[in-house]
Amino acid sequence: MKETFLKVRDLEVIYKTDLETVYAVNKISFDLNKGETLGLVGETGAGKTTSALSILRLLPERTAQIAGGEIEFEGRKLLEIPEKEMQRIRGEKISMIFQDPMTALNPVLTVGDQIAESLLLHDDKGRGRDVIEARVEEVLEMVGIPASRKKDYPHQFSGGMKQRVVIAIALACNPMLLIADEPTTALDVTIQAQVLAMMKDLKDQLETAMIMITHDLGIVAQTCDKVAVMYAGEIIEYGTVEDLFTGEAHHPYTDGLFGSIPNLEAEEDRLHPIEGMMPDPTNLPSGCAFSPRCPKASEKCRQLHPDQYTVGSHKIRCFLYEENKEEVK
Ligand code: SF4
């Protein structure tokens, strides 16, 4: 059995200003085992990136607050350790691939220097510049860029190549956990396929675990082992990728996501998008957050907040699965 090294329990994050409070993440829990990939799926504003930034403790200090919950990484409570220790964990043990390679790189530094930066920062053994340079060349080759290009600047690379450099920076220290925040959104479809295939190969080769943040179920099918579907800051469905794609029971929101995907074999030629908008995170509905858009909503759904119920091998937060199901808080 694989070892669980990341446990997130009842994590709550709010953004507070003088005028309002945004309830961005509302009591989410999930586990990640070594070498596994978890997909965090949902629309913009569902709380995916905020959840990931909480793990790295990179939320904006002035407005964001972790209002509750725990994050345990290799047995240590990340929300309680001093910032100095957290700096050691970032980059060395947990790395992040940011969404837009066009803005993630520093335009005035060569790509080699940008990869070397995190290696130098975590070089306690004083390995020296030659060893660091050799590692820079190695990771560039790993992501399919000739080592000779280490002296080039970001503007000399295409969008796909820039994203490969961002991945090389994230992998430089051989982290245990890689958080990829929509890593292919800014790329065209063919480059997207190449970058995803490369990430999967590298992950398997290095046995790195990954959290893949995406709104694209196709990416989930290609890359993930487990999936957490997020809506209005909550995980509303959680299970294996097989549960999601072959299971019969789903949260109505997940059904809506599937209905929004083009299907060449479907008899009907129209898509069925989910009507309406995500609720205002400063004023979430008192009942089920999806109730204003849910075709199956009842009066009970509008008044009471559903718990999560175990359905077969996965968990669904919906009253439709309340009967005869084991409730999990
Ligand atoms: S609890 Fe009710 S409103 Fe919410 S998803 Fe289930 S059926 Fe729809």
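**Entry 1: salt bridges**

I began with the salt bridges and counted 21, taking as a salt bridge a side-chain nitrogen of Lys or Arg within 4 Å of a carboxyl oxygen of Asp or Glu. The model is a predicted one, in which local features need pLDDT of at least 70 and side-chain atom pairs count only at pLDDT 80 or more, while totals for chains, interfaces and linings use all residues. Residues are numbered from 1 along each chain as its sequence is written, and side-chain values use heavy atoms, with hydrogens and water left out.

I looked up Arg9 and Asp31, whose side chains form a salt bridge at 2.7 Å, N to O. Arg9 is in strand E1 and Asp31 in strand E2, so the bridge links distant parts of the chain, 22 residues apart; helices (H or I, at least four residues) and strands (E, at least two) are DSSP runs, numbered from the N terminus. Arg9 is partly exposed at 32% relative accessibility, and Asp31 is partly exposed at 22%. For these classes I used under 20% relative accessible area for buried, over 50% for exposed and the range in between for partly exposed (1.4 Å probe, protein chains only).

**Entry 2: a salt-bridge network**

I then turned to Arg129, which bridges to Glu133 with the closest N and O atoms 2.8 Å apart. Both belong to helix H5 (residues 129–142), and because they are 4 residues apart, about one helical turn separates them. Arg129 is partly exposed at 39%, whereas Glu133 is buried at 18%.

Next I recorded the salt bridge between Lys150 and Glu137, at 2.7 Å, N to O. Lys150 lies in the loop between H5 and H6 and Glu137 in helix H5, so this pair ties together parts 13 residues apart in sequence. Lys150 counts as buried at 13%, and Glu137 as partly exposed at 30%. Through shared partners, salt bridges join Asp113, Arg129, Glu133, Glu137 and Lys150 into one network.

**Entry 3: aromatic pairs**

I found 5 aromatic pairs in the structure. Rings of Phe, Tyr and Trp (its six-membered ring) pair if their centres lie within 6.5 Å; planes under 30 degrees apart count as stacked, over 60 as edge-to-face and the rest as tilted.

One of the pairs is Phe5 with Phe73, edge-to-face at 5.5 Å centre to centre and 65° between the planes. Phe5 is in strand E1 (residues 4–16) and Phe73 in strand E4 (residues 64–73), so the pair ties together parts 68 residues apart in sequence. Phe5 is buried at 4% relative accessibility, and Phe73 is buried at 2%.

Phe245 and Phe258 also pair edge-to-face, at 5.5 Å centre to centre with 80° between the planes. Phe245 lies in helix H9 (residues 241–246) and Phe258 in helix H10 (residues 252–259), so parts 13 residues apart in sequence are tied together. Phe245 is partly exposed at 34%, and Phe258 is partly exposed at 25%. I also noted that ring pairs link Tyr231, Tyr253 and Phe290 into a cluster.

**Entry 4: charges over rings**

I looked for charges over rings (NZ of Lys or CZ of Arg within 6 Å of the ring centre and within 35 degrees of the ring normal). Arg149 lies over the face of Phe157, 4.2 Å from the ring centre. The charged end of Lys300 sits over the ring of Phe319, 4.6 Å from its centre.

**Entry 5: pockets**

I examined the largest pocket, which holds about 780 Å³ of space. On a 1 Å grid over the protein atoms alone, a pocket is an open set of points where a 1.4 Å probe fits, with protein on both sides within 12 Å along at least five of seven lines; lining residues have an atom within 4 Å of a point. Grid points are joined across faces, edges and corners, and the volume is the space filled by probe spheres set on the points.

This pocket is lined by 36 residues, and Lys27, Ile28, Ser29, Gln308 and Arg317 are the closest to its centre. Strand E2 gives the largest share of the lining, 8 residues. By class the lining has 11 nonpolar, 13 polar and 12 charged residues; Ala, Val, Leu, Ile, Met, Phe, Trp, Tyr, Cys and Pro count as nonpolar, Asp, Glu, Lys and Arg as charged, and the others, Gly among them, as polar.

The second largest pocket holds about 610 Å³. Of its 24 lining residues, Gly91, Met96, Phe98, Ser118 and Ile169 lie nearest the centre. Helix H2 supplies the largest share of this lining, 5 residues. The lining divides into 13 nonpolar, 7 polar and 4 charged residues.
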